[in-house]
Amino acid sequence: MSPEAAILAAILLPAAGTLGILLAGRFSANLREAVTLTTSVLLAANVLSLLPDVLAGARPAVHIATLVPGIDIAFEVEPLGMLFAIIASGLWIVNSLYSIGYMRGNNEKHQTRFYAFFALAIVAAIGVAFAANLFTLYLFYEALTLSTYPLVTHKGDENSVRSARVYLGLLLLTSIGLFLPAVIWTYGVAGTGDFTDGGILAGHIAGPAVGLLLGLYAFGIGKAAIMPVHRWLPAAMVAPTPVSALLHAVAVVKAGVFSILKVIFYVFGVDFLAATPSADWLLYAAAFTILAASLVALRQQNLKRLLAYSTCSQLSYVVLAAALFKPLAEVGAVLHIAAHAFAKITLFFAAGAIYTASKKTEVHQLRGIGRRMPWTMAAFTIGALSMIGVPPTGGFISKWYLLAGAYEADNYVAMATVVLSTALNAGYFLPIIVLAWFAREEAAPGSVGAAAASGVKKDHGEAPFPAVLALTITAALTIAFFFFHQPALQLASEISMGLP
Amino acid sequence: MTVFTVFFIIFLLTLMVITALAIVQTKNLFAAAMLSGIFSLMSAMIFFLLDAADVALTEAAVGAGISTVLFLGALALTAENERAGTAGRAAALAVVTVITAVLVYATFDMPRLGDPNAPAQLHVAPWYLEKTPEYIDVPNVVTAVLASFRGYDTLGETFVVFTAGIGVLFLLGKAPVGQPKVSPAMTFAGKTGLRHYQIPRVVGRLLIPFILLFALYVQFHGDYSPGGGFQAGVIVAASVVLYALLEGEEQARQALPAWLLRLMAATGPLIYGFTGVACMLLGGNFLDYSVLAHDPVHGQHYGILVIEAGVGVTVTGVLISIFHSFAARGAK
Amino acid sequence: MEILELYNYWVFAILLMIGFYAVTAKLNLVKKLIGLSLFQSAVFLLYISMGPVEGGTAPIFHADVTGRVFSNPLPSVLILTAIVVGISTLALGLAIIVRIKEAYDSVEENEIRELDRQ
Amino acid sequence: MSVEAYHLAVLQVVVPLLSAPFVVLLRPRGLAWAAASAASAMAFAIAVSLTAGVLSGDEYRYAVGGWAAPYGIEIRVDALTSLLLLVVTGASLVALLAGRRSLDVDIDDARQPLFYGAWMLALAGLAGIVVSADAFNIFVFMEVSSLASYILIAAGPNRRALPATFKYLVMGTIGATFYLIGVGLIYMMTGTLNLADMAQRVHEVADQRPVLAAAGFIIVGLALKAAVFPLHAWLPNAYTYAPHAVTVFLAACATKVQIYVLLRFDFLVFQGNLPGHEFQFSHFLMPLALLAILLASGVAMMERNLKRLLAYSSVAQIGYIMLGVSLLSATGLSAGIIHIFNHALAKGALFLAVACLGMHIQGLRLGDLAGAAKRMPWTMAAFVIAGLSLIGIPGTAGFVSKWLLISAALAEGSLGIAVVAVVLIGSLMAVVYVWRVVEAAYFQSPQAGSPEGRHEAPPMLLVVTWAAVLGNVYFGLAPGLPIKLSQAAAASLLQHLP
């Protein structure tokens, strides 16, 4: 298959999968799940087939349509998009596997709808990854918001509808209110929105306007969850765990930081921003988000909310690294997208597995759970270590490059932020690990009734097999990324070498 | 225009303002309807004095005749007196004051009444006066402009009448749910009309043929003097109203049944429209009557005759239908 | 004398506004329609006042047309159409009022609004 | 141009006009509908071929009665005209095809021929306004269309349709009479009724008071008929209580045709002639447009009745059109004009979905919609997509207009930033009011006692609804045609300016 055909197939496969899921859902759940898995495997294989070309320096492109002369829907695969597409499509397989266990284990309703919109979200994510210009990026960015809305509100009770309203409201507010004007502004001054090495804005805009435009992008791309536009992220925690995993690791937030990187690399141009003092604020905003979100995470009792704030802080690592405007740091930013994806999906899978097996949602309920669910908690531990940045996990690699970049830039604020936040990460993850492995299970009299009332199961083992399998795979990937990050590194350095 | 005429106009205009104020002031709606009939008669007189004879004839027939009949018909079905007063009077007065000020302000740059050098007298209008004998050759230039130069407007006008007819039939054609609150005695024609009163009946019956004859004259003499299809239709309708008053609704309905009226209302516009289409088929533009005969001027004559007939049929059918609709609404 | 030659237009303005006032401020629907037809009639006066020419006659040619001045036929034509439009609107408006009366047993705007609120 | 093509411009009006009396005379059930649909389809076909002609460079000028302008009445079709014709005839055809079953419910058999006759007259009237190049002729057809639409709205099943129609009748007549006064004053000062002739002759008398007053009367009168804020009071109830199919038809095109006449007058006759006329746009129209967007969207956010919610949204959307126009630049004007087209698509599709809902759900308050998505999944899916187009989500027609509008505003400098802010806030408010409907339909459990299981709308209605929805997507992804027409229209409107 030619690379161009592969690009189209990458968009059309999950779209066809959506239809297939809807159709199959009418007949049997097994068939539907088979369609989901087959589609995801085909998609990943298809995306991977593009990798050799891209590694060889090619940039396959497809032009779909022209809305107005100058404004096109077009796709182009460049290294950063390649990486994002691989992560999204690869983790979709694992996530589907996990979903099967989770959704069946919890007897969720509307499973067909769930899988269909999941596939639709993947269409949007791949569209974001391969977008060749700002307009196409914006198109699929919005499609991603809308296709994940039914997933967030999946439960359909009042609480989830309210939270989903925050999710949709904040993401649309930022994207329509800030991102869209930024896109139109860019097209207005540069005359184009095509992603180009070295940027398109240099020479068209200068002074404080650069900072302002960067601000419109940074906060307009609300999926990147830079404070104060992060609020949708904890709100979205009402969704079923596979959705949280999708949001946090596979598609949504990654699409956010990915879009910010795209804008910094290909719209502004790293050198242009580095030479513009008014763009420096981004670094501080990211540093603030890292620390503030970590501090909030420290105080969370609900496991999923804790993970949400952790994500919020981790995303800003990517932004922070990118905002250093140094090649090594950019490599760190790119690697961190991947490293965080593997680790965070593991953590969410673990949280979901705990919920499926025991209906436990709070941190203090996890005393001694490691003995009942060793696989799950082992995976959780690996994910947490990666969050902190302990070798041999993927998190170490990206932090390494990030720190190297900060050192190169002589930026002590960034270095201090990374060090401090590492301590904070350790501060909220280590107690959980200690609690899970070394504390004794609670058996206080009187709490049994309360526990029973809240539906907590006392006597349980591991979660259903597909879920455990999935989280084992992702935990393995987290470690594997430490040893085998060469392709990702190559992709990342290709981007930073592409910079003049 | 003599000084006497000017003063008479001023007198009439002042009287109209007073009448208008009285219309707004009175709480009795019958009185208001009657006063607005009188108002129309006065404006008809002014129009006549201002050299607009066709308009004067029409305004008298419509404003004083048809509107008054319609108002009375509607009032019989609704209420005789205004119950509530006004609302938002201050706001309304404020808007009124502003608009009046704008208009009076605008008047000071307007051409004076009768100014032969006013822009309206120098452009387009002289062409009509000059070319009518050559192209159309009818004495009444108003008819020439109405039926040919701006015949497309008149086509639209015919369809406006037709639309109103459809509307009234649509709204009032179906029997109301439940019994109406109005007693049949209150409708102005009633079931039997004035059949028990011999003198008006005999006089009226004598009059009706003459009215119809007059209508035919107005219809076909429109080329030469004020009048035309519209005025003729109104007069025919008036004679049917008179007949209904004398002989009762039922009789009038039997003389001209509903299906026939509906057919007339629909056929009239078709006659007009298809005259235009025929012109197209004969190689001219839509409504270009010149192609209807070998001699373009004759063609214009034929065309005007046919379309005026169409207008007359439409207006007759629609107005009588409307009248019956209102009357029948009360009788049920 | 010259001022009097604008008198027509002033009366037009005043009649227009009397009608307008009745339409907007009166609550009785029939009265509103009466006001509306006053409002339209005023416009007839505006147009017809543009027609006449000093020393002219109505634009109808008789035997001896040479050397005579005729008034403008166009305003008459336009107003003939406008009169027809006016009576058509009136007929439709009255039909609606009759239906309103049947549906609400009232033709007063404030009472109807009250009934709708229930 | 062939002879047949030459006559198309007038046939655009004559076909629906002459079909009306035939439709009225047709008695048997269903025949009136079929005849009206056929005539409407023919009108649409004529509009399409006129558009094709315009795109290939033809300009249609037709002297009715063979009398050349300014003595006779002229008909003229250019890019702007053809865009409007597509909207008007398309809306009529779609609404007729979709509305049959729902109109059968609302209107008894005996009165159907009258109803469909009125429909044809409304169509002919609107088409007549659009193609006419004569100020008074526009008035005549305005009255044909207005009287006919009063009938259509009064046909609504709820008794509230009657006071709503009466209000519309009174305000519509006032608007038309204001227009007539304005035309009279201009005629007084120029002696002509033909728009192009007027544009030339008004230049000499442009500083005269009657002309200035005329501009005021014409603009206010047309703004009243177009429901430009704050003269929109008649619109919400008229749209709410009309039969659903009528709402589809009129909401898509009736007010837009009045805006079109306003544009013609403003740009052809006044702008460039009247001194300081551009202030009318910047000091008067633009603030009103901005207020319309914010206030009407605000009301829509609070509104509980679905149709009235959409009606207030229409008032806001008219604000977008006027906003684009008031920017007075080629891009702004074409953004406003293309929104005429795109909003017709979006709002037409939404009201079609409402018509679907109305087949099985009584009341159409948001509370009544609880659980509607389960009973009518296809209908609600259509509503969601059309709603996205109304909001202006990329990939839909609504986005194209927003994009062009924001681009045009950004070119205006600092004032443009404020305009952009309002446009964006308006879009976000649209998110809120569309999403209130979506949440009600998808996430509220149905009230006790409401029937279980699926009850979709009749297939014909559903198919047409989806065709309109896909139109939104198609013109969102391939907006070449409307963009081309609107840019040509903007260019021709601006060409008279110095």
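These legends describe close-up views of a predicted model. Local features are shown only at pLDDT of at least 70 and side-chain atom pairs only at pLDDT 80 or more, while totals for chains, interfaces and linings use all residues. Residues are numbered from 1 along each chain as its sequence is written, and chains are lettered from A, with ligands numbered from 1, in the order in which they are written.

**View 1. Chain B and its helices.**
Chain B has 13 helices and zero strands. Helices (H or I, at least four residues) and strands (E, at least two) are DSSP runs, numbered from the N terminus. Along its principal axes, the C-alpha trace of chain B spans about 60 × 50 × 40 Å. Of the 332 residues in chain B, 53% are buried. A residue is buried if 20 or more other C-beta atoms lie within 10 Å of its own, exposed if 12 or fewer, and partly exposed in between; C-beta atoms are placed from the backbone. Take the contacts in chain B between residues at least 6 apart in sequence: 72% join residues at least 24 apart. Two residues are in contact if their C-beta atoms, placed from the backbone, lie within 7 Å.

**View 2. The two domains of chain B.**
Domain bounds come from an automatic or database domain assignment. Domain 1 of chain B brings 15 residues to the contact, and domain 2 of chain B brings 19. On the domain 1 side, eleven residues are nonpolar, three polar and one charged. Ala, Val, Leu, Ile, Met, Phe, Trp, Tyr, Cys and Pro count as nonpolar, Asp, Glu, Lys and Arg as charged, and the others, Gly among them, as polar.

**View 3. A positive phi in chain B.**
B:D137 is not a glycine, yet its phi is positive, about 60°. B:D137 lies in the loop between α6 (125-135) and α7 (141-149) of chain B. B:D137 is partly exposed, because 15 other C-beta atoms lie within 10 Å.

**View 4. The loop between α7 and α8 of chain A.**
The peptide bond from A:M227 to A:P228 is cis, with omega near 10°. A:P228 is found in the loop between α7 (208-220) and α8 (232-235) of chain A. A:A225 lies in the loop between α7 and α8 of chain A. Phi of A:A225 is positive, near 55°, in a residue other than glycine. A:A225 is buried, with 30 other C-beta atoms within 10 Å. Most residues other than glycine have a negative phi, and most peptide bonds are trans.

**View 5. The largest nonpolar core.**
This core holds 602 residues, of which A:V319 and D:V248 touch the most other members. Helix α14 (residues 327-358) of chain A gives the most to this core, with 21 residues. Domain 1 (1-116) and domain 2 (141-332) of chain B both give residues to this core, so the core lies between them. A nonpolar core is a set of buried Ala, Val, Leu, Ile, Met, Phe, Trp, Tyr and Cys residues joined through C-beta atoms within 7 Å. Beyond its neighbours within four places in sequence, A:V319 is in contact with A:A224, A:I226, A:V257, A:I260, A:L282 and A:A286.

Chain D has 19 helices and two strands. The C-alpha atoms of chain D fill a box of roughly 70 × 60 × 40 Å along the principal axes. Of the 498 residues in chain D, 69% are buried. D:F229 and D:P230 are joined by a cis peptide bond, with omega about 5°. D:P230 is found in the loop between α8 (209-225) and α9 (235-241) of chain D.

**View 6. Where chain D meets chain C.**
Here 21 residues of chain D are in contact with 25 residues of chain C. α5 (135-154) and α6 (161-190) of chain D each supply at least two residues of the chain D side. The largest share, 13 residues, comes from α6(D). The chain D side divides into 14 nonpolar, four polar and three charged residues.

**View 7. Helix α1 of chain C.**
17 of the 19 residues of α1(C) are buried, so α1(C) is largely enclosed by the rest of the structure.
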